[in-house]
Protein chains: 2
Amino acid sequence: MDHRQPALVGARALPDTTQPSIGRRFMLSLQAADSPRFPTSGFRRWFAERRKRAFTVSRIPFAELDQWYFEADGGNLRHRTGRFFSIEGLRLEDGDRSGPDPARPIIVQPEIGTLGILVKEFDGILHCLMQAKMEPGNIGSVQLSPTVQATRSNYRRAHGGSRVRYLEHFTRPGHPEVLVDLLQSEHGSYFLHKRNRHMVVETTADVPEHEDFHWLTLGQISRLLRQEHVVNMDARTVLSCIPLEPAAGPDGAGFPDAVLHSLGPQAAPRHSDAELTGWLTSARAGADGSVRRVPLTATEADGWIRGPGSITRRGGADFAVIAVRAEADNREVPSWTQPLVELTGPAVHAFIARRLDGMLHVLVRASAERGSLNGPELAPTVQCPPGGTARYLDQVLQAPPDRVHFDVAQSEEGGRFHLARTRNLIVEAEDGFPVDQPEEYRWMTLDQLARMTRLGQHVNIQARTLLACAPSVW
Amino acid sequence: MDHRQPALVGARALPDTTQPSIGRRFMLSLQAADSPRFPTSGFRRWFAERRKRAFTVSRIPFAELDQWYFEADGGNLRHRTGRFFSIEGLRLEDGDRSGPDPARPIIVQPEIGTLGILVKEFDGILHCLMQAKMEPGNIGSVQLSPTVQATRSNYRRAHGGSRVRYLEHFTRPGHPEVLVDLLQSEHGSYFLHKRNRHMVVETTADVPEHEDFHWLTLGQISRLLRQEHVVNMDARTVLSCIPLEPAAGPDGAGFPDAVLHSLGPQAAPRHSDAELTGWLTSARAGADGSVRRVPLTATEADGWIRGPGSITRRGGADFAVIAVRAEADNREVPSWTQPLVELTGPAVHAFIARRLDGMLHVLVRASAERGSLNGPELAPTVQCPPGGTARYLDQVLQAPPDRVHFDVAQSEEGGRFHLARTRNLIVEAEDGFPVDQPEEYRWMTLDQLARMTRLGQHVNIQARTLLACAPSVW
């Protein structure tokens with residue numbers, strides 16, 4: 001019997017009436033390693049100048065937070081307007097267990113923000129309008145960000161700041177210029193049910209460039225992804241949603257060619273799309289514990305102690321809650337204070353890749369984080385939090401250099417995390433690496449992972465970052 | 001600029017290597033109005049016999065509930081094992097408002113159940129193995145149900161009952177015989193974040209028919225959907241996920257032909273798929289209030305009073321919580337007690353349909369219910385709870401008879417709802433009905449609605465029921 005669903009989610013094959021496709025056009029942009037519009041040499045100068053600006057971020061005691069306070073009843077840390085986010089407690093409940101799981105602090109941010117990249121053709125090549133943006137938790141203060149990166153509190157100007165630049169391009173859902181418009185999850189270990197709207201919008205209008213913005217090709221951005229702490233998390237996750245369609249061609253001998261081939265439509269994958277969606281559905285159906293928001297004080301039972309300037313766990317944890325004051329001259333408001341989550345060390349996220357049936361596959365894991373809205377999503381082979389352990393961590397960290405095709409430290413979101421550093425790796429498996437894996441793992445082509453990403457809320461932020469970085473090995 | 005995403009979620013068009021497709025095979029089954037395998041005349045006799053069996057369902061005081069109790073702290077109603085479901089409070093929180101929303105009772109059921117239909121070809125026509133199943137809240141005691149309808153508590157035998165029949169066919173996710181495998185939402189007004197797994201699995205094996213089960217074609221089931229309270233909610237929602245692919249052909253003059261045409265791949269829709277997904281993403285991004293589980297006692301402030309045999313709202317509401325004792329001879333266990341939600345009157349769910357550009361479209365609304373996991377989903381034009389009001393309700397209820405193409409009272413899920421009756425309608429709009437509608441509405445073809453349904457968690461249970469019923473007008 002071979003009557004399978006024709007494709008992911010059984011979408012009908014529609015005729016391709018556009019020539020060339022969006023995927024082909026972005027592929028051309030990826031192949032443009034530099035651009036006369038704004039050459040990379042100029043970028044380096046410009047970006048270094050942004051980083052030299054007068055920013056000060058300093059840790060402060062909670063008592064010096066302005067507008068933020070611990071509620072008398074339950075101790076949640078929140079903003080006086082009720083907006084932005086709050087720090088509360090979260091408890092996982094599983095009917096199978098005898099008692100409740102310990103509660104731990106979690107960021108509650110019900111607002112869905114918009115992460116948007118504006119694109120435009122110059123000389124036939126799509127360019128992305130990227131922003132040099134300061135965030136208080138950023139390593140290097142300024143990182144390369146999407147055109148728009150705003151919560152609703154931002155763009156409703158809850159803090160009384162200036163308007164969000166270029167937002168007007170992202171307010172026409174369903175318009176033909178909207179190339180990507182999806183909700184995606186974010187860091188379920190630290191956020192409760194957090195989602196962001198990811199948009200890519202094409203324009204043909206004249207767009208004046210503010211001094212903090214420049215047009216770059218995907219090829220330029222791809223090279224910047226190889227540098228430490230330059231392209232921020234928000235930019236990486238939007239990039240991961242952009243369709244790429246390499247021309248069909250033979251699989252070259254090298255790893256970079258294999259990556260390109262794996263991104264292409266000619267993929268002969270190990271598992272059909274229907275098999276993979278069934279496997280993820282099964283994982284989601286099996287992970288049906290429920291979570292309960294509890295007061296932050298309920299985390300004390302598990303050792304979480306509020307000191308004058310931090311909430312830390314006796315006995316250790318992967319994070320702490322702290323407070324900072326940020327002073328900058330080019331953000332929406334000149335100075336502010338806020339809480340941040342500080343990770344207690346670097347995280348390690350890695351895909352192990354190997355060729356199966358002549359096609360490069362990555363080993364993906366179906367993995368739930370406690371704050372994930374829809375349960376398990378597709379995660380990297382290795383997703384190791386600060387101070388934690390993970391299967392295949394040693395294989396990844398001890399891989400011979402010629403097998404490590406990507407190894408770059410990047411930052412998590414600087415608006416919520418303080419100097420959070422992740423080592424992102426793509427490692428080619430040794431020949432002896434087992435093809436057969438436990439039930440929670442599956443081998444997928446990059447094309448399958450990319451299409452799952454474009455379903456929205458199927459691939460986690462850690463795997464999306466690695467997907468965004470994969471073309472940069474090429 | 002016309003470079004749109006090629007299809008829903010940008011899935012690539014894969015070549016159709018199967019002949020005929022699943023959609024064509026199910027279409028053949030829909031066209032089989034009767035079957036020699038189990039003729040409808042025999043079905044009537046068999047079904048009437050099942051309904052005559054000795055079932056007793058009686059309302060009891062909460063104090064007579066066995067294994068169920070109100071927690072001393074907070075008053076939640078739950079099962080001693082912690083399994084099945086609980087009745088708690090839910091409060092909607094919106095940063096824009098000054099104070100919290102009133103809390104109301106909600107069913108919390110984190111377990112993801114499986115609703116599965118086993119299908120098999122007889123004489124070249126797919127048949128569905130359907131069950132005559134008793135549920136305590138069912139109108140008529142027994143209704144036609146999927147092959148498998150089981151929570152994890154059921155199939156882990158938390159109540160010590162007998163095994164779930166035919167479950168073994170639904171435990172191989174990703175196997176080629178799995179034709180549908182999706183998570184779908186359920187009644188966000190009454191359930192917190194409830195999801196069920198929907199599966200359709202084909203078999204070629206010999207399957208012994210238990211006396212409560214029979215093989216029926218889609219055409220037979222479709223005719224039963226025109227009868228009141230015969231096909232249960234669980235069957236309807238699985239049926240809504242089955243792909244149907246009518247042969248291309250001219251749009252006949254009559255409404256039934258227009259329905260068939262609208263289900264087909266040749267649809268020339270009013271809005272592109274990309275427009276519709278962008279519109280829904282926008283609705284979801286805008287509806288970012290958060291919910292908080294609170295103790296059931298917290299609903300007292302809004303007038304919810306616990307009496308000896310019911311939890312009702314002073315001042316009225318669309319539902320109450322009651323308790324029943326059920327005694328039957330062919331369920332997993334012979335007798336049990338449980339809470340149920342009693343709706344205080346009939347609900348009305350209706351699609352208004354009209355031809356646009358020569359193609360039948362239905363008017364869909366993006367609508368959030370407070371317990372919806374992912375925010376707004378696609379809902380019928382009219383979704384009116386008991387005792388409520390809704391835009392276009394009058395147009396639907398006062399439509400001339402020749403415009404009302406479907407008008408059947410059906411039941412909501414009898415395992416959680418007590419005698420819950422919904423009037424489901426499909427009404428053809430008068431010529432004067434406005435094409436331009438408010439932002440929360442969109443005209444869609446049935447093919448678009450069906451493909452959105454097969455994405456999972458995009459179309460709500462009310463709209464899925466109407467989608468499942470639509471082919472029965474033909």
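Mentor: A residue counts as buried under 20% relative accessible area, as exposed over 50%, and as partly exposed in between (1.4 Å probe, protein chains only). The model before us is predicted, so local features need pLDDT of at least 70 and side-chain atom pairs pLDDT 80 or more, while totals for chains, interfaces and linings use all residues. Residues are numbered from 1 along each chain as its sequence is written, chains are lettered from A and ligands numbered from 1 in the order in which they are written, and side-chain values use heavy atoms, leaving out hydrogens and water.

Trainee: How many salt bridges are there over all chains?

Mentor: Side chains of opposite charge can pair when their charged atoms come close. A pair is counted when a side-chain nitrogen of Lys or Arg is within 4 Å of a carboxyl oxygen of Asp or Glu. Over all chains, the number of salt bridges found by this rule is 58.

Trainee: How many residues apart in sequence are the parts that Glu64(A) and Arg325(A) tie together?

Mentor: These two side chains form a salt bridge, with 3.6 Å between the closest N and O atoms. Elements are DSSP runs numbered from the N terminus, helices (H or I) having at least four residues and strands (E) at least two. Glu64(A) sits in the loop between strands E1 (56-59) and E2 (68-70) of chain A, whereas Arg325(A) belongs to strand E17 (residues 319-327) of chain A, so the separation of the parts they tie together is 261 residues.

Trainee: What is the relative accessible area of Glu64(A), and what is that of Arg325(A)?

Mentor: Glu64(A) is partly exposed, because its relative accessible area is 39%. Arg325(A) is also partly exposed, because its relative accessible area is 26%.

Trainee: Are Glu111(A) and Arg83(A) buried or exposed?

Mentor: The side chains of Glu111(A) and Arg83(A) form a salt bridge at 2.5 Å, N to O. Glu111(A) is in the loop between strands E5 (104-108) and E6 (113-122) of chain A and Arg83(A) in the loop between strands E3 (77-79) and E4 (86-93) of chain A, so the pair links parts that are 28 residues apart in sequence. Glu111(A) and Arg83(A) are both buried.

Trainee: By about how much of the helix are Asp447(A) and Arg451(A) separated?

Mentor: A salt bridge joins the side chains of Asp447(A) and Arg451(A), at 3.2 Å from N to O. Both of these residues are buried. Because they stand four residues apart in helix H9 of chain A, their separation is about one helical turn.

Trainee: How many residues of H9(A) are buried?

Mentor: The buried residues of H9(A) are Leu446(A), Asp447(A), Gln448(A), Leu449(A), Ala450(A), Arg451(A), Met452(A) and Thr453(A). H9(A) is therefore largely enclosed by the rest of the structure, its buried residues numbering eight of the eight.

Trainee: How many residues of helix H10 of chain A are buried?

Mentor: In H10(A) the buried residues include Ile461(A), Arg464(A), Leu467(A) and Cys469(A). Helix H10 (residues 461-469) of chain A is largely enclosed by the rest of the structure, because its buried residues number nine of the nine.

Trainee: Which residues in H9(B) meet Asp273(B), Leu276(B) and Thr277(B) in H7(B)?

Mentor: Contact requires heavy atoms within 4.5 Å. The three residues of H7(B) meet three residues in H9(B), namely Gln448(B), Arg451(B) and Met452(B).

Trainee: How far apart in space are Val321(A) and Ile87(A), C-alpha to C-alpha?

Mentor: Val321(A) lies in strand E17 of chain A and is buried, with a relative accessible area of 1%. Leaving aside residues up to four places away in sequence, Val321(A) touches Phe62(A), Leu77(A), Ile87(A), Gly309(A), Ser310(A), Ile311(A) and Leu340(A). Although Val321(A) and Ile87(A) are 234 residues apart in sequence, their C-alpha to C-alpha distance is 8.5 Å.

Trainee: What is the phi of Ser141(A)?

Mentor: Ser141(A) belongs to the loop between strands E7 (125-134) and E8 (142-145) of chain A. Ser141(A) is not a glycine, yet its phi is positive, at about 65°.

Trainee: What is the relative accessible area of Tyr166(B)?

Mentor: Tyr166(B) is in the loop between helix H3 (152-155) and strand E10 (178-185) of chain B. Tyr166(B) has a positive phi of about 70°, although it is not a glycine. Tyr166(B) is buried, because its relative accessible area is 6%.
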